[in-house]
Every structure is written in structure tokens, then in C-alpha cells.
Amino acid sequence: VEPGAGFTLAELAERLEGRLEGEGGRVLSGLRSLEEAGPEHLACLHDPRYREAARASRAGAFLLGETAEAPDERPLLRVKHPYLALARALRLFHPEERGPAHIHPSAHLAGDAELGDEVGIAPLAVVGKKARLGDRVRVGAGSVIGAGCVVGEDTLIHANVTLYPGTRVGARCILHSASVLGSDGYGFATREDGVHEKVPQVGRVIVEDDVEVGAGSTIDRGSLGDTVIGAGTKIDNLVQVAHNVKVGPGCLLVAQSGISGSTSLGRSVVVAGQSGAAGHLSLGDGAVVAAKTAVFKDLPAGARVGGIPAMELGEWRRAAALYARLPEMRREIRRLRQELEARRGPGEPGEKEKR
Amino acid sequence: VEPGAGFTLAELAERLEGRLEGEGGRVLSGLRSLEEAGPEHLACLHDPRYREAARASRAGAFLLGETAEAPDERPLLRVKHPYLALARALRLFHPEERGPAHIHPSAHLAGDAELGDEVGIAPLAVVGKKARLGDRVRVGAGSVIGAGCVVGEDTLIHANVTLYPGTRVGARCILHSASVLGSDGYGFATREDGVHEKVPQVGRVIVEDDVEVGAGSTIDRGSLGDTVIGAGTKIDNLVQVAHNVKVGPGCLLVAQSGISGSTSLGRSVVVAGQSGAAGHLSLGDGAVVAAKTAVFKDLPAGARVGGIPAMELGEWRRAAALYARLPEMRREIRRLRQELEARRGPGEPGEKEKR
Amino acid sequence: VEPGAGFTLAELAERLEGRLEGEGGRVLSGLRSLEEAGPEHLACLHDPRYREAARASRAGAFLLGETAEAPDERPLLRVKHPYLALARALRLFHPEERGPAHIHPSAHLAGDAELGDEVGIAPLAVVGKKARLGDRVRVGAGSVIGAGCVVGEDTLIHANVTLYPGTRVGARCILHSASVLGSDGYGFATREDGVHEKVPQVGRVIVEDDVEVGAGSTIDRGSLGDTVIGAGTKIDNLVQVAHNVKVGPGCLLVAQSGISGSTSLGRSVVVAGQSGAAGHLSLGDGAVVAAKTAVFKDLPAGARVGGIPAMELGEWRRAAALYARLPEMRREIRRLRQELEARRGPGEPGEKEKR
């Protein structure tokens with residue numbers, strides 16, 4: 001869906017704090033990929049590998065880095081950080097639409113829920129007893145905000161989200177559909193007869209400001225004490241965060257990753273897709289866990305790891321590159337053994353290959 | 001729950017285009033597994049390994065391949081493709097029940113939503129502004145169809161599904177509960193101070209005809225441009241499809257697999273359970289990715305791969321078979337080194353083992 | 001949220017069947033972690049590694065094992081199984097709050113649904129035709145209980161859960177938000193032209209007593225026959241259980257694990273996080289599957305396995321410890337080859353390294 005009038009290239013240059021090369025009067029109605037752009041569109045060339053694609057593109061102008069080579073004679077908008085400028089240009093062309101600041105009559109609000117100004121509650125949502133929603137919060141259709149939850153201002157809760165009672169969410173967060181915050185952690189005390197007795201999970205989930213939680217992700221409440229998601233952390237889809245995990249600020253948890261109970265992540269830790277960390281670990285500031293990794297030990301700050309179990313990333317890559325050669329290595333070991341045996345003098349004592 | 005009258009074996013032979021061996025007058029009331037079948041049931045023997053189980057079964061008749069060996073004297077229904085015939089027989093015995101073509105008064109429909117003929121909307125579902133639902137579409141209880149969504153005829157949306165605004169779903173699709181289509185992709189531009197700025201996700205999800213999406217699966221909208229799921233593709237439970245992924249027709253994405261952003265799958269690609277593909281890759285037509293695999297590079301058409309990182313499947317199997325023997329290989333290398341050192345003449349120069 | 005009056009240490013000793021050491025008159029208002037406890041709190045010291053942390057704690061008293069060393073002079077409550085006692089103490093301090101035994105008027109109940117005594121249905125939940133809910137069942141806001149479902153007494157269904165028609169859940173179960181029980185299994189018969197024909201899934205999900213299902217987990221209905229979850233089994237978040245799986249009693253399926261179709265688990269099997277089992281397998285009683293494992297073969301009772309593919313756990317650990325040394329092993333093999341070649345007499349026949 002295209003917004004109204006668009007912007008001239010000169011206007012865009014001003015708003016994105018960029019430098020214009022070429023004619024600034026052209027009106028651009030939106031941003032598109034190189035492939036999909038037409039003459040009325042801006043396209044982003046943030047990687048020199050796509051220069052050929054840029055030449056072939058029908059885009060009216062390009063957004064690119066300050067020193068990047070121009071693809072051709074078309075107008076350019078040069079910026080320091082093309083990807084950041086892309087994000088900002090998209091916000092210009094697509095101002096967020098949050099739905100009306102209005103309580104739909106089909107929603108169910110507890111009588112003692114406290115709502116800030118301009119809160120919007122979509123049809124068939126539920127807000128429980130003594131819940132408190134900050135100014136401009138939006139609650140999507142079918143979402144359930146449990147009793148005693150606190151949601152900070154400007155937070156956007158999409159449809160069919162569940163917040164268990166007592167969950168706290170900061171300001172300017174985004175919670176996607178089918179995400180669940182505050183479900184019981186996985187805690188059982190196993191009796192001698194094998195019965196698993198439930199350990200009541202009486203802690204909370206505390207999500208700080210500016211956090212995004214992806215669709216279908218689950219964050220368990222603490223057992224004792226709280227599960228905490230630090231400010232500015234971004235969680236992708238289908239991620240599991242177990243009870244009493246502490247995620248520091250600015251972390252990235254990519255799709256289908258999982259953090260086991262009581263593990264702590266420092267600042268700006270990256271856990272790539274389908275990776276996991278065992279429980280009671282500490283992952284230091286800036287640690288990076290590659291995709292499909294299993295972290296079973298603490299990681300120092302700045303560590304970069306891959307593999308199952310996790311090892312230093314370069315080490316993992318070098319080892320992984322040889323994995324397919326195991327049969328060849330084994331054959332060569334056997335040949336070495338045979339040659340050594342063959343050269344042995346008749347009466348010379350030798351060690352036979354064991355199997 | 002058993003349907004009404006059942007079918008005679010002769011009727012089944014006609015409807016399944018099979019060949020009857022033995023008495024055709026017996027009335028069969030349903031299809032069961034070999035273990036659970038009684039004399040009133042048909043059972044399927046699609047794998048010769050189960051012939052003993054068939055002999056032990058109490059089934060009244062067997063469905064099996066044209067040249068398969070008969071388990072005993074009981075009547076047989078021989079067909080070209082037993083598994084396809086099984087699917088069709090199940091449709092005969094269990095005609096689909098889709099719930100009533102009726103808008104439940106507790107559902108919330110926007111005034112300007114457009115509904116085809118015989119649409120059914122279950123209790124407490126939500127259909128947003130300007131959404132368009134084709135003939136005979138069913139929307140399950142608690143599902144939320146966002147503004148501007150388009151859903152093709154005969155599509156079945158189970159309970160508690162979420163379609164974000166602008167999502168397009170083709171005809172004859174099936175969307176299972178807790179699936180989410182159109183959530184924001186995971187796109188952030190990280191500033192120098194470490195703050196992750198959200199890149200607005202302004203593309204759509206386009207699901208073509210005859211697609212099935214499993215329970216709890218998530219398909220993100222495109223960042224720029226669209227995420228596309230090709231016709232006839234079947235997605236299992238808890239699968240993640242990231243922004244701008246293009247899945248070709250007839251693909252199979254098995255449970256808990258994940259496809260990272262901007263990766264393209266050709267026609268009839270199979271991604272087995274708990275596997276993943278990194279971003280910006282191309283998986284060629286007919287490629288097969290074994291379970292628990294991590295694809296980090298493009299795959300040519302017809303490739304069969306396994307492992308982390310993915311390698312040719314046979315190569316992976318041969319290597320994996322030797323993994324447990326690493327300690328033995330290392331011991332043998334050490335023995336070879338020792339023997340070589342031992343045989344070295346006293347003054348002969350030699351290389352010591354490094355560690 | 002703290003409960004009312006609390007308990008004296010002497011009262012706790014009696015209720016937890018423990019032995020008091022020190023002054024029993026102190027009133028404790030709750031249980032906390034060692035770090036968070038104050039003088040009014042009991043803290044649990046179930047692992048001697050935390051004795052230093054216990055000394056540093058401000059807790060008023062400690063719960064610990066019968067023979068554990070006391071951290072200092074503070075009162076102690078000694079019990080046989082500290083973790084079980086912790087679970088029970090938490091139940092004393094936090095008696096479960098299940099919400100009111102009341103049918104909210106905004107919920108939709110089919111006229112012929114059968115409800116036991118003191119059933120509670122939260123706002124905007126749906127209970128389908130002929131569903132039967134036992135005494136004291138709670139259905140959370142936005143949950144959908146399909147037609148013909150049967151739910152046993154005292155079962156707690158949290159918000160936004162989906163039970164497909166015909167699902168059976170036992171007594172005292174707990175189903176967490178966004179979990180889905182009874183979705184179609186992933187069954188398709190592929191025609192020669194590549195089209196995947198749906199195999200109707202006509203079995204059910206049967207969940208026995210005392211089962212817990214985590215947030216976002218999915219359990220598919222049987223194709224023919226049923227999917228069964230045994231009594232006392234505990235399923236964590238985002239777990240996938242495919243059609244016709246039989247899970248025995250007392251199993252633990254940890255977060256993001258997956259069990260493929262028709263696989264059977266015996267009694268007290270543990271499948272750790274992000275692990276998977278292929279289809280049509282049998283995992284014997286008490287088998288333990290380590291995290292991130294892929295089980296491709298049957299496991300005998302008591303097996304302990306890890307790795308991809310799964311192997312005996314000790315074997316896997318020993319092999320995994322050498323993985324990073326593959327480059328070193330390869331270099332050493334090359335050196336051995338070179339030395340052997342160098343020592344070969346001029347006319348001596350030898351085998352060259354192949355590549």
C-alpha cells in the first residue's frame with residue numbers, strides 16, 4: 001500500500017542527512033528492492049556485489065554509501081550508513097499505522113484495569129484485573145493480558161498474544177502474535193517412585209524497554225525470582241527463553257534458538273538460529289553463537305563459537321571442513337599401518353592394528 | 001466417530017479403481033491400522049514388512065499393491081498406489097466436516113469486509129476492514145484475519161490462527177491453529193552505539209493455492225517485496241519461514257525446520273525436521289535436506305544433503321559412521337608415531353609429535 | 001505477590017516433615033533464592049556448591065538436606081529431599097489461584113456442552129458442541145475447546161489454548177498458552193505428478209492424567225489410531241509431537257524437542273532440549289537423549305545417547321572432545337606419510353598418498 005504524495009529526492013536527502021548527487025527534483029513514491037523498483041522508486045545499493053543488479057534495475061534513484069561506486073548516471077543519495085538510512089526512509093514512506101485509540105466494545109476489560117491515554121484495545125481482547133496499560137498502548141484482537149500485568153507506554157501488542165498474570169513489559173516494545181510471556185517454567189522435583197512433582201513457578205517475566213518478541217516465542221516466568229529481558233533486545237520467532245534467564249540489553253536471539261533455565265546473557269550477545277545454551281551458564285558481553293550451535297559451557301566476553309558442543313568459531317570451521325574427510329583419513333591410517341607392518345623385519349616385534 | 005452405513009468391498013473397488021480378489025459383498029464400516037482393525041474394517045498393507053502383522057490382524061479385508069504377496073485367504077483390494085488409495089478411502093469413510101456456513105453472532109466482522117457465498121465464521125473470530133474471504137471459506141474460533149487480507153475459496157482456517165493485515169492466502173489452503181502469517185520479519189539496522197533500529201517490514205506474505213501450514217508455524221512478511229509460499233507446498237508444525245523467502249511449488253517443510261531471510265527454494269524441495277537454511281541461499285528443484293541439517297551454501301537441483309554444515313548425504317553418512325571412532329583413530333596415529341620413532345636409528349633426524 | 005501471614009519455622013518443619021535445627025519461632029513470609037532472600041524468607045541450599053552464597057545470603061533460615069554441612073549458625077530445616085521440600089514449601093506459600101468457578105458471559109458455550117461442578121470459563125473462551133468438562137476444570141480466556149472434547153477434572157487450561165474436536169485430556173493436567181492439541185498430522189501421499197494429496201487424519205489425541213504441556217507446543221492427532229501422551233509426562237515449550245506417537249508415562253520432553261510420527265517412548269524417557277527422534281522408532285524405558293541429539297535408530301531401555309546421529313553418550317563425549325583436533329590429526333597423518341616416504345629406499349615400491 002503506497003502512501004500519499006511521496007518525497008522529492010532533495011527532501012529525502014535532507015531528512016536522511018544524506019548528500020545528493022544529480023537532479024533533486026524527482027518525486028519518489030516509495031522504496032523498493034532493486035528488482036521491483038520502477039522509475040518512481042528509490043532503491044538501496046548497500047552492498048557493492050549488487051552493482052550489476054543496480055544497473056539492470058529500473059529504479060529512479062539509488063541510496064548508497066558515501067564512497068561506493070555509482071552504478072550509472074542516475075541520481076544518488078549518499079549516506080554514511082545505507083542500511084540505517086534505509087530503515088529511516090521506510091519509516092518516512094510507511095508511517096506506522098497502529099489502529100484506533102479506542103476500546104472496542106467486544107473486548108473484555110476488568111473494571112479495575114487502569115488504562116493510560118489513547119490506549120487502543122482491539123475486538124475480543126481481554127485485559128485482566130488490576131492490569132495497567134501505559135499511554136498509547138495497543139492490544140491486538142484476541143490477545144489476553146493477565147491480571148496485574150503492567151505494560152509500558154507505546155508498546156504494541158499484536159493479535160493473539162498471551163501475557164500471564166503479573167508480567168511486566170516496558171515501553172515501546174513490540175510483541176508478535178502467538179507469543180507467550182509468563183508461562184510456567186519447566187520445573188519438577190522427581191520423587192523416588194518416578195513421579196514428577198510440579199515446582200510452583202512463582203517468579204515473573206520482566207521485559208525492559210524497546211524489546212521485540214517474535215511470533216510464537218515463549219518466555220517462561222521465573223521459578224523463584226524473575227526472568228528478565230534487557231532493554232533493546234530483539235527476539236525472533238519461535239524462540240524459547242526458560243525460567244530465570246537473564247538476557248542483557250541489546251541482545252539478538254534469532255529464530256528457533258533456546259536459552260535454558262538460569263542462564264545469563266551479557267550485553268549485545270547474539271544467538272543465531274536454531275542454537276541453544278544449556279542451563280546455569282554465563283554468556284559474556286558481545287559473545288556470538290553461530291547457527292545450530294549447542295553451548296554447554298560459559299562463554300567469555302567477545303567469544304565467537306560454533307559447533308556441538310560449542311568451540312571457537314574458527315576452530316569449528318577448520319574441523320568441520322575436514323569432517324567429510326574422515327573416511328579418507330581412516331583409510332590413510334590403515335595404509336600407514338600396513339606399510340609399517342610390511343617393512344617390519346621377520347623377527348621384529350610389532351603392534352598389530354587393534355581393529 | 002464412525003460414519004453411517006459403510007461400503008461393500010465391491011463398491012470400494014470401484015471407487016478406488018482397484019481390483020477385487022475374493023468376496024465383494026462384505027460391508028466395511030471403516031479403515032483401521034492392522035493392529036486396531038476388526039472384521040468390519042479395511043486395513044492397508046502398503047509395506048511387505050508388515051505381512052506378518054497382517055496375518056495377525058483381525059481386519060476383514062486388505063488394501064495392497066498390485067503385485068504384493070497376499071497375507072492369507074482374506075479378500076483383497078489391489079491398487080496401483082496403496083498409500084494414495086488409503087488417502088482416498090479415508091476421504092470416503094470420513095467426508096470432511098467443516099462446520100456450518102454461518103456467521104456466528106459473537107464473531108466481529110468489519111462492516112466493509114467482503115464475504116463470498118457460504119462462508120462460515122466461528123464464535124469470537126475477527127475479520128478486519130476490507131478483508132475479502134472467498135466462497136466456502138471457514139474461519140475458526142478465535143482466529144484473527146487482519147485488515148485487507150484476501151483468502152481464496154474453500155480455504156480452511158482453524159481456531160486461533162493470526163493473519164496480519166494485507167496477507168494473501170490462496171484457494172483450498174489449510175491453516176492450523178496458532179500459526180501466524182505476516183508477522184514482521186527480523187530486520188534491524190544496528191547503530192554504532194549498539195542500538196538496533198527497527199527496519200520497517202512493509203512487504204506481504206503471499207500463500208498460493210493448496211498450501212497447508214502446520215500448528216504454531218510462523219511466516220514473516222517481506223521487508224521490501226513479499227514472502228511467497230508456492231502452490232501445493234505443505235508446511236508442518238513449528239516451522240519458521242523468514243522475510244522474503246520464496247518457497248517454490250510442491251515443497252515439504254517438516255516440523256521445526258527454518259528458512260532464513262531471502263532464501264529461495266525451487267520446486268519440490270524437501271527440508272526435513274529440525275533442519276535450517278541460512279539466508280540469501282538458493283536450494284534447487286528437488287533438493288532434499290535430511291533431518292537436523294544446517295545448509296550454509298546454495299544447493300544445486302536434485303542435491304541430497306545432511307550434516308552441519310550440509311554435505312552430500314552419502315558423504316555425510318560415511319563420515320558420521322566414523323565419528324565415534326575418532327578416539328580410536330587418534331590412538332592409532334599415536335601408535336604409528338611411536339613405532340616410527342622407535343625404529344629411527346640413533347642419529348637419524350626425526351620430527352617429534354607436536355602434542 | 002506475598003500471601004497472608006506466613007508460617008513459623010516450626011510449622012514449616014511439621015508440614016514438610018523436616019527436622020528443625022535452631023529457633024523455631026521465627027515467622028517466614030516466603031521462599032526466595034539465596035540472592036533475593038531477606039531475614040523474613042526461607043532459602044533453599046540444595047547443592048553444597050552454593051554454601052558460600054548461602055553464607056552471603058540474608059535469608060532468615062535455610063532448607064537443606066539431612067547431612068549437608070550448615071553454612072553458619074542460622075536456623076535450619078533439614079529434609080530428606082530438599083528439592084521436593086522446596087516444591088511443597090512453594091505450594092504452602094503460594095496456594096494456587098485458578099480464577100473463579102464461573103462461566104463468564106462473554107464466553108461461548110455450545111448448548112449441549114456438559115460441564116461438571118465448579119467449572120470456570122474465562123472471558124471470550126469457546127466450548128464446542130457435546131464437549132464434556134470435568135469438575136473444577138478451568139478454561140482460560142480465548143481458549144477454544146473443540147466439539148466432542150473431553151477434559152478430566154481439575155485440569156487447568158490457560159489462555160489461548162486450542163483443542164481440536166475430539167481431543168481427550170485427563171485429570172489434573174495443565175495446558176499452557178498457544179499449545180495446540182489435535183491438529184492434523186503431516187500426512188501426504190505424493191502422486192507421480194508431484195502433487196501431495198492429503199491423507200485425512202482421523203485419529204485423536206489422548207492425553208492421560210497429570211500431564212503438563214508447555215506454551216506453544218503442538219501435539220498432532222493420529223492418522224489412523226491415536227496419539228497418546230502417558231500419565232505424568234511433562235512437556236516443555238515449543239515441543240512437537242507428531243501423529244501416532246505414543247509417549248509412555250512419566251516422560252520428560254524438553255523445550256524445542258520433536259518426536260516424529262509413530263515413534264513410541266517407554267516409561268520415564270527423557271528427551272532433552274532441541275533433540276529429535278525420527279519416525280517409527282522405539283525408545284525404551286528410561287532412555288535419556290541428550291540435548292541437540294538426533295535419534296535415527298531404536299534405543300534399548302536405559303540407553304543414554306548424544307550426537308547426530310545418536311550414539312552412546314560417553315562415546316559421543318569422547319568423540320566430540322576430539323572434533324576440534326581433526327586438523328591436527330590430519331597434519332600428523334601427513335607427516336607420518338612423508339616420513340615413511342622419506343625413509344623408503346630408492347628402489348623400494350611404495351604407495352603414494354592418494355590426495
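This is a predicted model: local features need pLDDT of at least 70, side-chain atom pairs count only at pLDDT 80 or more; totals for chains, interfaces and linings use all residues.
Where is the place of Ser262(C)?

Residues are numbered from 1 along each chain as its sequence is written, chains are lettered from A and ligands numbered from 1 in the order in which they are written, and side-chain values use heavy atoms, with hydrogens and water left out.

**Stop 1: chains A and C.** Select both chains. Chain A is superposed on chain C by a rotation of 120° with 0.0 Å of shift along its axis, at an RMSD of 0.1 Å. This is the relation of a three-fold axis. The superposition is by least squares on the C-alpha atoms of residues with pLDDT of at least 70 in both copies.

**Stop 2: helix α5 of chain A.** Select residues 326-343 of chain A, which form helix α5. Helices (H or I, at least four residues) and strands (E, at least two) are DSSP runs, numbered from the N terminus. The 18 residues of α5(A) should span 26 Å at 1.5 Å a residue, and the end C-alpha atoms are 26 Å apart, in agreement; the expected span is 1.5 Å times one less than the number of residues. Among the buried residues of this helix are Leu326(A), Met329(A), Ile333(A), Leu336(A) and Leu340(A), and also the charged residues Arg330(A), Glu332(A), Arg335(A), Arg337(A) and Glu339(A). Buried means under 20% relative accessible area, exposed over 50%, and partly exposed in between (1.4 Å probe, protein chains only). The buried residues of α5(A) pack against α4 (313-323) of chain A, α4 and α5 of chain B, and α5 of chain C.

**Stop 3: α5(B) against α4(C).** Now show α5(B) with residues 313-323 of chain C. The two helices pack at an angle of about 55°, with their axes 8 Å apart. Axes are lines fitted to C-alpha atoms, for helices over the stretch in contact, and angles run from 0 to 180 degrees between N-to-C directions. α5(B) is therefore oblique to α4(C); angles under 35 degrees count as roughly parallel, over 145 as roughly antiparallel, 65 to 115 as roughly perpendicular and the rest as oblique. Leu326(B), Pro327(B) and Arg330(B) meet Arg318(C), Ala319(C), Leu322(C) and Tyr323(C) here, where contact means heavy atoms within 4.5 Å.

**Stop 4: Tyr83(A).** Select Tyr83(A), in helix α3 (residues 82-93) of chain A. Its relative accessible area of 32% makes Tyr83(A) partly exposed. Leaving aside residues up to four places away in sequence, Tyr83(A) touches Phe188(B), Ala189(B) and Val199(B).

**Stop 5: cis peptide bonds.** Display the bond joining Ile308(A) and Pro309(A), which is cis with omega of about 0°. Pro309(A) is in the loop between β38 (304-306) and β39 (311-312) of chain A. In chain B, a cis peptide bond joins Ile308(B) and Pro309(B), with omega of about 0°.

**Stop 6: positive phi.** Gln274(B), although not a glycine, has a positive phi of about 60°. It lies in the loop between β33 (270-271) and β34 (276-277) of chain B, and counts as buried at 10% relative accessibility. Finally, select Ser262(C), which is in the loop between β31 (258-259) and β32 (264-265) of chain C. Ser262(C) has a positive phi of about 70° although it is not a glycine, and is partly exposed, with a relative accessible area of 28%.
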